[in-house]
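Let's take a friendly walk through the charged side chains of this protein. Have the sequence and the 3D view open as you read.

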Amino acid sequence: MENQKTITALNKLIEINNDRIEGYETASKETESAELKALFNGLSFTSNSNVTELRAEVLRLGGKPEEGTRVTGKFFRVWMDVKAAFTGNDRHAILSSCEFGEDKALETYEEVLDNGSDLTVEQRAMIVKQQANLRGDHNEVKSLRDASE
């Protein structure tokens with residue numbers, strides 16, 4: 001399939017967004033804080049929107065959209081750190097773990113853009129827009145983390 005490289009790249013972005021959704025759903029269940037629940041719901045919403053766009057593009061290209069997560073290695077440990085932080089109710093630790101996850105999402109987008117010579121102008125624009133939204137989420141988490149010190 002001639003679009004396979006592009007489909008693989010887009011599926012990588014679906015996966016990191018699925019990771020993010022799962023992570024924030026877990027985090028939301030673990031906190032008693034209404035403020036953090038609202039934050040996590042908003043962060044999940046960003047990734048749900050991204051996944052909807054990415055899946056549509058994969059289908060348009062004739063591919064099968066990724067359904068799972070990467071729950072491996074560092075990203076999985078981040079969410080375990082978040083859960084551990086909740087048990088101690090340490091807001092700074094919670095937000096630090098969230099920021100680490102946000103960094104991983106941004107790194108994945110950067111990697112896809114850096115290696116995306118097969119992306120069309122429209123696909124690149126979609127990915128750059130999503131990356132900007134994720135960067136905004138990252139900056140919000142970082143700002144809240146810094147204010148919690």
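What follows is a short tour of some salt bridges and where their partners sit.

Keep in mind that this is a predicted model. The structure holds 12 salt bridges. Side chains of opposite charge can pair when their charged atoms come close.

Start with Glu 35, whose salt-bridge partner is Arg 91; their closest N and O atoms are 3.1 Å apart. This pair links distant parts of the chain, with Glu 35 in helix α2 (residues 34–60) and Arg 91 in helix α4 (residues 91–114), 56 residues apart. How accessible are the two partners? Glu 35 counts as partly exposed, at 46% relative accessibility. Arg 91 is partly exposed too, with a relative accessible area of 27%.

Now move along to Arg 145 and Glu 99, whose side chains meet in a salt bridge at 2.2 Å, N to O. Because Arg 145 lies in helix α5 (residues 121–147) and Glu 99 lies in helix α4, the pair ties together parts that are 46 residues apart in sequence. Is Arg 145 buried or exposed? With a relative accessible area of 17%, Arg 145 is under the 20% cut-off and so counts as buried. Glu 99 is buried as well, with a relative accessible area of 8%.

Arg 145 has another partner to look at: Asp 146 forms a salt bridge with Arg 145, and the closest N and O atoms are 2.4 Å apart. Asp 146 is partly exposed, with a relative accessible area of 31%. Through salt bridges that share partners, Glu 99, Lys 142, Arg 145 and Asp 146 are joined into one network.

Notes:
Residues numbered from 1 in each chain as written. Predicted model: local features only at pLDDT ≥ 70, side-chain atom pairs only at ≥ 80, totals over all residues. Heavy atoms only, no water. Salt bridge = Lys/Arg side-chain N within 4 Å of Asp/Glu carboxyl O. Helix = DSSP H or I, 4+ residues; strand = E, 2+ residues; numbered from the N terminus. Buried < 20%, exposed > 50% of the residue type's maximum accessible area, 1.4 Å probe, protein only.
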